[in-house]
Amino acid sequence: MSSAEKEKMIQGDLYDASDAVLLAERKRARAICHEYNNSHPDEFEKKNDLLKGLLGSVEGKCVIEPRFQCDYGYNIHLGPNFYANYDLIILDVCEVKIGANCLVGPRVSILTASHPTNLQERATGLEYGNRVHIGNNVWIGAGVIINPGVKVGDNAIIASGAVVTKDVDAHSLVAGVPAREIRKVE
């Protein structure tokens, strides 16, 4: 399905999340996530098929431990050898692209969804989003929050509990709230 509101959402423009098409697509994603999260641990093929049916693209091996939640799924693109520990949340109103060989700790949130800072605009209920791109060989520690619009360079490490509000350079170790570079890493 397609709608004008969906197109605005994907482009990062203000959009109405109560659009019928978007409501139906979120309901579908929740149903697939529910089935995925409640699958038997030994049902590897079923889980893989569910992810491939939900996500925009999955290259090679991908493991996401349960509970996984997302808004739509189709805006999420995972490179090969992706591993996410328990309780991954990805709010994917815009594209979330994650490179090869990435590791994600438990209780990580990757967010593209946002709301206007202007009170009058926010009161309309309209929302917008901003893409998140994560490079290759990135390690994201437990409890990290990655905010809308962030780009994480290749080989970066984000320490547990960090709140990432700005781009992360390649080969950087960042930590803190807000996250800041601690040192370079190989």
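Student: Which element supplies the largest share of the lining of the largest pocket?

Tutor: Helix 3 does, with four residues. Helices (H or I, at least four residues) and strands (E, at least two) are DSSP runs numbered from the N terminus. This is a predicted model, in which local features need pLDDT of at least 70 and side-chain atom pairs pLDDT 80 or more, while totals for chains, interfaces and linings use all residues. Residues are numbered from 1 along each chain as its sequence is written, and side-chain values use heavy atoms, without hydrogens and water.

Student: How many residues line the largest pocket, and which lie nearest its centre?

Tutor: Rolling a probe the size of a water molecule over the atoms shows where empty space is left. A pocket is an open set of points on a 1 Å grid over the protein atoms alone where a 1.4 Å probe fits, with protein on both sides within 12 Å along at least five of seven lines; lining residues have an atom within 4 Å of a point. Here 14 residues form the lining, and Tyr36, Phe44, Lys47, Cys62 and Val63 lie nearest the centre. Helix 3 (44-54) and strand 2 (62-64) each contribute at least two lining residues.

Student: Which residues of helix 1 are buried?

Tutor: An α-helix has 3.6 residues a turn, so residues three or four places apart point the same way. In helix 1 (residues 4-11), Glu5, Lys6 and Met9 are buried (under 20% relative accessible area; exposed is over 50%, partly exposed in between, with a 1.4 Å probe and protein chains only). They are on the same side of helix 1 because they cover an arc of only 100 degrees around the axis, taken from the directions from the helix axis to the C-beta atoms. Ala4 and Gln11, on the other side, are exposed. The buried residues pack against helix 2 (20-37), and Gly12, with a positive phi near 90 degrees, follows helix 1.

Student: Is Asn75 buried or exposed?

Tutor: Asn75, in the loop between strand 3 (68-70) and strand 4 (76-78), counts as buried because its relative accessibility is 7%. Beyond residues up to four places away in sequence, Asn75 touches several others, including Met9, Ile10 and Val93 (contact means heavy atoms within 4.5 Å). The side chain of Asn75 also reaches the backbone oxygen of Val93 at 3.4 Å.

Student: Where is Lys184, and which side chain does it join in a polar contact?

Tutor: Lys184 lies in strand 19 (residues 180-184). A polar contact of 3.2 Å joins its side chain to that of Ser172 (a pair of N or O atoms within 3.5 Å; within protein, one must be able to donate a hydrogen and the other to accept it, and residues adjacent in sequence count only if both atoms are side-chain atoms). Lys184 counts as partly exposed, at 48% relative accessibility.
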